[in-house]
Amino acid sequence: MGGMVTVFRRELAGYFATPVAYVFIVIFLVMAGALTFTLGNFFARGQADLQPFFTFVPWLFLFLVPALTMRLWAEERRLGTIELLLTLPLAQWEAVVGKFLAAWAFCAIALALTFPLVITVNLLGNPDNGVILTGYLGCLMVAGAFLAVGAAISALTKNQVIAFVLAVAACFFLTAAGSPVVTEFLSQRVPQLADIARSISITERLGGFTRGVISARDVVFFASFMAFFLFANTIAIDQRKAD
Amino acid sequence: MTALIEIERLTKRFGAFTAVDDVTFSVAKGEVLGFLGPNGAGKSTTMRMLAGFMTPTSGTARICGEDVVDRPVPAKRHLGFLPEGAPTYPEMTVTGFLQFCGRARGFHGSALGDRVAHAMSLTQLEGVRLQPVETLSKGFKRRVGLAAALLHDPAVLVLDEPTDGLDPNQKHEVRNLIRAMAPNKAIVISTHILEEVAAVCTRAVVIARGRVVADATPAELAAKGPTMDAVFRALTLPEVEAA
């Protein structure tokens, strides 16, 4: 456990020691704000909630989260520091989970910095702040799922571009699987696949959270999804650490 | 004398290529083993397996009696390892990097501070303690890696080309440091600089094409031919000698 905390601290400090953190946070906040107020019709809807914001978060994370995860292991391989990290007396899962939690905490910081939106809706109307809280929780779950997939992909390559592109593709697949375009297409042609697509869809799961519902099914889905990919990450590092 | 490093029939294959072929040797406390060989002979691969970074295809390696594959974390606690090229996290300061390594080894609070200060004084890093590693010269980077390997005063030191990239004065200091630590440790240093073996090592193992071709004291090795260079060539390039 101590090793995990050590890795977590180093990683989280690492984001803020380079421009990565500031570029990520600024772009995320600008895009989130712009999309919410323009495409999301924040004012014209006349409703005091953050529904438009929550709708866009997965699409923003879709390409921002892979930008975080692409370097997690690929960079360690390129610099050779993986040799240093994995010859310290820590279990491999400690390094994997420490890195993941640091990236997740970083996403939580970025999400928390969208607090002016919460203030805005509270000034303009009387929103249900419980629903807003569960919506944020859902966004955090989406970030965790994307991070787990992206980190596992990063563990398989030393090329950051490959890690990025594959992670975007995987996240896109998870996001778009529940969209009407995909599910309608599938239900007309291969109805069996339509149900599967809906059940692995991140957007479908997020929908519950943004309506204020925390269902055990969704929580179990996200938890097991993350656990599975962290496990895969540990195996990938163990098998291919020296490649 | 008990052997702190025991390597038995260690073999590593990459596909059809055998990088390390049936290597056996052990190193007792007080010994400084020079691991010699031309580039690509399998020196780094052997050291990586000993450090628990690469998994051997067959054979075993033990550090202080702990098998590096079966009990990796206890084995790594006794080990100070300087990987080839001395990789470090570029954005971290010297102090930050050494503190990270110390924390990963379970030091906290004032004990951590003392360890870091001691390691920096051994390797003369005090002058650059707050500089990011990426701004340092090659010689300093190498010494940062060395400081990280020495930090916890390990019983076993495995140093892959510790003096590579150092100027003659720095080489002299590192050799003095190794000689000073030698009585209480088992040390393996890999090198292709022959003078280094005569300068610091009590024993030399010569490896060529993955196989051990000589295991003797530097004096015995030197007695085999007119010069160390000639002996090295004769051992590692038998076909040239025969022609």
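This is a predicted model: local features need pLDDT of at least 70, side-chain atom pairs count only at pLDDT 80 or more; totals for chains, interfaces and linings use all residues.
The axes of two helices are lines fitted to C-alpha atoms over the stretch in contact, and the angle between them runs from 0 to 180 degrees between N-to-C directions. Helix 7 (residues 129–154) of chain A and helix 12 (residues 216–240) of chain A have axes that come within 8 Å and cross at roughly 20 degrees. Because angles under 35 degrees count as roughly parallel, helix 7 of chain A is roughly parallel to helix 12 of chain A. The crossing of these two helices is left-handed.

The residues that form this contact can be followed on both sides. Helix 7 of chain A contributes Met141(A), Gly144(A), Ala145(A), Ala148(A), Val149(A), Ala151(A) and Ala152(A). From helix 12 of chain A come Phe222(A), Phe225(A), Met226(A), Phe229(A), Leu230(A), Ala232(A), Asn233(A) and Ala236(A). By class, the residues of this contact divide into 13 nonpolar, two polar and no charged.

The setting of this pair is chain A as a whole. Chain A has twelve helices and zero strands, and along the sequence its pattern reads α-α-α-α-α-α-α-α-α-α-α-α. An unreviewed UniProt entry places the feature "transmembrane region" at residues 12–36, 56–74, 95–119, 131–154, 161–182 and 219–237 of chain A. In the model, residues 12–36 of chain A are 92% helix and 0% strand, with the end C-alpha atoms 28 Å apart. Residues 219–237 of chain A are 100% helix and 0% strand, and the end C-alpha atoms of this span lie 27 Å apart. The C-alpha trace of chain A spans about 55 × 45 × 30 Å along its principal axes.

Chain B is built from both kinds of element, with ten helices and ten strands. The radius of gyration of chain B is 18 Å, close to the 18 Å that the globule rule gives for 243 residues, so chain B is as compact as a globular protein of that length. Along its principal axes, the C-alpha trace of chain B spans about 60 × 40 × 35 Å. The UniProt annotation "domain: ABC transporter", from an unreviewed entry, covers residues 5–234 of chain B. Over residues 5–234, chain B is 37% helix and 27% strand, and the end C-alpha atoms are 28 Å apart.

Helix 3 (residues 94–104) of chain B packs with helix 4 (residues 109–122) of chain B at an angle of about 125 degrees, with the axes 10 Å apart. That angle makes helix 3 of chain B oblique to helix 4 of chain B, and their crossing is right-handed. Thr95(B), Leu98(B), Gln99(B), Gly102(B) and Arg103(B) in helix 3 of chain B meet Leu112(B), Arg115(B), Val116(B), Ala119(B) and Met120(B) in helix 4 of chain B. The residues of this contact comprise five nonpolar, three polar and two charged.

Finally, the two chains touch each other. In this interface, 20 residues of chain A are in contact with 22 residues of chain B. On the side of chain A, the elements that give two or more residues are helix 1 (2–17) and helix 4 (81–85) of chain A. Helix 1 of chain A provides the largest share of that side, six residues. The residues of the side of chain A that touches chain B divide into nine nonpolar, eight polar and three charged.

Technical notes. Residues are numbered from 1 along each chain as its sequence is written. Chains are lettered from A and ligands numbered from 1 in the order in which they are written. Helices (H or I, at least four residues) and strands (E, at least two) are DSSP runs, numbered from the N terminus. Angles under 35 degrees count as roughly parallel, over 145 as roughly antiparallel, 65 to 115 as roughly perpendicular and the rest as oblique. A crossing is left-handed if the near helix is turned anticlockwise from the far one by less than a right angle, and right-handed if clockwise. Two residues are in contact if their C-beta atoms, placed from the backbone, lie within 7 Å. Ala, Val, Leu, Ile, Met, Phe, Trp, Tyr, Cys and Pro count as nonpolar, Asp, Glu, Lys and Arg as charged, and the others, Gly among them, as polar. UniProt positions are given in the numbering used here, feature names are shortened, and annotations may be inferred rather than shown by experiment. The radius of gyration is taken over C-alpha atoms; the globule rule is 2.2 Å times the number of residues to the power 0.38.
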